[in-house]
Amino acid sequence: MGAQSSDLLDVERIREDFPILEREFGGEQLVYLDNAATSQTPEPVVETIADYYRTTNANVHRGLHQLSQEASIAYEEAHDRVAEFIGAEGREEVVFTKNTTESMNTVAYAWGLAELGPGDEVVMTEMEHHAALVTWQQIAKKTGAEVKYIRVDDEGYLDMDHARELVTDDTEMVSVVHVSNTLGTVNPVGDLADLAHDHDALCFVDGAQSVPHMPVDVQDIDADFFAFSGHKMCGPTGVGVLYGKEHLLEEMQPYLYGGMMISKVTFEDSTWHELPWKFEAGTPPICQGIALAEACDYLEDIGMDRVRRHGEELAAYAHDRLEELGDVDVYGPPGDDRAALVSFNLGDVHAHDTSEILNEFAVAVRAGDHCTQPLHDKLGVAASARASFYIYNTREEVDKLVDALEATRELFA
Ligand code: PMP
């Protein structure tokens, strides 16, 4: 692959684990820059999935037979592995869900419906993903609570003075995105958790774009709840994580009811299984959970500090190259202070057109509102194109993106 964006990462070696990157479209090799939506899956994780179905597939918790016991142990230990990866105390604090969105809804329904009422406030940010924004908005409507939004300034940073104004003793929940999937801003979530706690409020952190890209320690942040998805961090689709402080999960009622999450059931009433199973009703994402644990191993073998540095370097390089084009609007903080993605618009060309033309060059980027419609309204655009990077991307791929953008510009000139 020639010169790499980071001599710390052996990108050439890493790419061997991702045969999908060899695919060609119209004679051009795929340049996959849609990692903030879903990352690719390395061979060891694919092998884990195949191996599970070849050798271990059975339902968990219920069975006394050997296969079920093996599947149960692997599934339970996957919780331990994920707990370790994010610095949680243990498996009691790690609930496997379907995705970040379901983790968010679990807290909104299980905690929000019970705890919120008229006079209470939920404070979010203007850069929240719909997963948080729509969910708290709707829970607020159901409970009579009010939602407020911390301002995003012109550079794409949170206005922390405004945060200190908004968070008051009426605040019950501060729900903030760790890394913006549109702006690439890395938010000071530790400070926001402290601010919430100063007012006896809780703090929910949406870590969908942080856990895949940087070392995260939920206890260090002091988040009360924390959510992320397996499919953005080399894991499979169908599994997400809800971290919650044990005492909070203990106090909360379940969100979904049914099998597996109960302890004793009579015709009149039921009691709940211990954590985290109380929040995992029905047959859980067994294979996906086990594969997610493998993804954690894979990333940790590379080293999360290196993963972070590589993504930041590519984003900085892409940011600068896009700015050089002159007629490109790049959103969010400066190149040297952003996570591994860059959202932009090329002149007057609609982002959907940009993305379609880039596709002709086998360059895969996302176009749309990236589930941040209100933020796009604030930016004054309906949509943007987004290039997002991961461990297997190179500077040469950024160059291909820029070349394809130049060709796009020619087409629309
Ligand atoms: N939050 C953020 C910041 C995201 O980027 C995403 C995915 N685009 C989500 C939440 C939702 O993730 P999922 O679709 O896996 O639930």
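A: Helices here are DSSP runs of H or I with at least four residues, strands are runs of E with at least two, and both are numbered from the N terminus. With that settled, Ser-103 is found in helix α4, which covers residues 100-115. A couple of ground rules: this is a predicted model, so local features need pLDDT of at least 70 and side-chain atom pairs count only at pLDDT 80 or more, while totals for chains, interfaces and linings use all residues. Residues are numbered from 1 along each chain as its sequence is written, and side-chain values use heavy atoms, with hydrogens and water left out.

Ser-103 has 0% relative accessibility and so counts as buried (buried is under 20% relative accessible area, exposed is over 50%, partly exposed is in between, with a 1.4 Å probe and protein chains only). Skip the neighbours within four places in sequence, and Ser-103 is in contact with Thr-97, Phe-204, Ala-227, Gly-240, Val-241 and Leu-242, contact meaning heavy atoms within 4.5 Å. Ala-110 sits in helix α4 too, and with 7% relative accessibility it counts as buried. Leaving out neighbours within four places in sequence, Ala-110 is in contact with Asn-105, Met-252, Gln-253, Pro-254, Tyr-255 and Phe-279.

Now the domains. The assignment gives domain 1 as 11-32 + 303-412 and domain 2 as 47-301, with bounds that come from an automatic or database domain assignment. Their centres, taken over C-alpha atoms, are 28 Å apart. In the contact, domain 1 takes part with 32 residues and domain 2 with 32 residues.

How much area do domain 1 and domain 2 bury between them? About 2600 Å², with 60% of it on carbon and sulfur atoms; buried area is the accessible area (1.4 Å probe) that two parts lose on being put together, summed over both. On the domain 1 side, Met-304, Leu-375 and Tyr-390 supply 25% of the area buried against domain 2, more than any other three residues.

On to the charges. The rule finds 1 salt bridge across the interface of domain 1 and domain 2, a salt bridge being a side-chain nitrogen of Lys or Arg within 4 Å of a carboxyl oxygen of Asp or Glu. Lys-378 and Glu-126 pair up through their side chains in a salt bridge, 2.9 Å from N to O. Polar contacts between domain 1 and domain 2 come to 17 residue pairs, both residues at pLDDT 80 or more (a polar contact is a pair of N or O atoms within 3.5 Å; within protein, one must be able to donate a hydrogen and the other to accept it, and residues adjacent in sequence count only if both atoms are side-chain atoms). Elements giving two or more residues to the domain 1 side that touches domain 2 are α11 (304-324), β14 (341-346) and α13 (373-379). With 6 residues, α13 gives the most. That side of domain 1 has 17 nonpolar, 7 polar and 8 charged residues, where Ala, Val, Leu, Ile, Met, Phe, Trp, Tyr, Cys and Pro count as nonpolar, Asp, Glu, Lys and Arg as charged, and the others, Gly among them, as polar.

Pro-215 deserves a stop. This proline lies in the loop between β8 (202-206) and α8, and at 40% relative accessibility Pro-215 counts as partly exposed. Beyond its neighbours within four places in sequence, Pro-215 is in contact with Met-304, Asp-305 and Arg-308.

Last, other charged pairs. The salt bridge count comes to 20. One of these joins Arg-91 and Glu-76, with the closest N and O atoms 3.5 Å apart. Arg-91 lies in the loop between α3 (66-86) and β4 (94-97) and Glu-76 in helix α3, so this pair ties together parts 15 residues apart in sequence. Lys-245 and Asp-222 also meet in a salt bridge, at 2.8 Å from N to O. Lys-245 is in the loop between β10 (240-244) and α9 (246-251) and Asp-222 in the loop between α8 (218-221) and β9 (225-229), so parts 23 residues apart in sequence are tied together. Lys-245 is buried at 17% relative accessible area, whereas Asp-222 counts as partly exposed at 27%. Finally, a network of salt bridges links Arg-81, Glu-84, Asp-297 and Glu-300.
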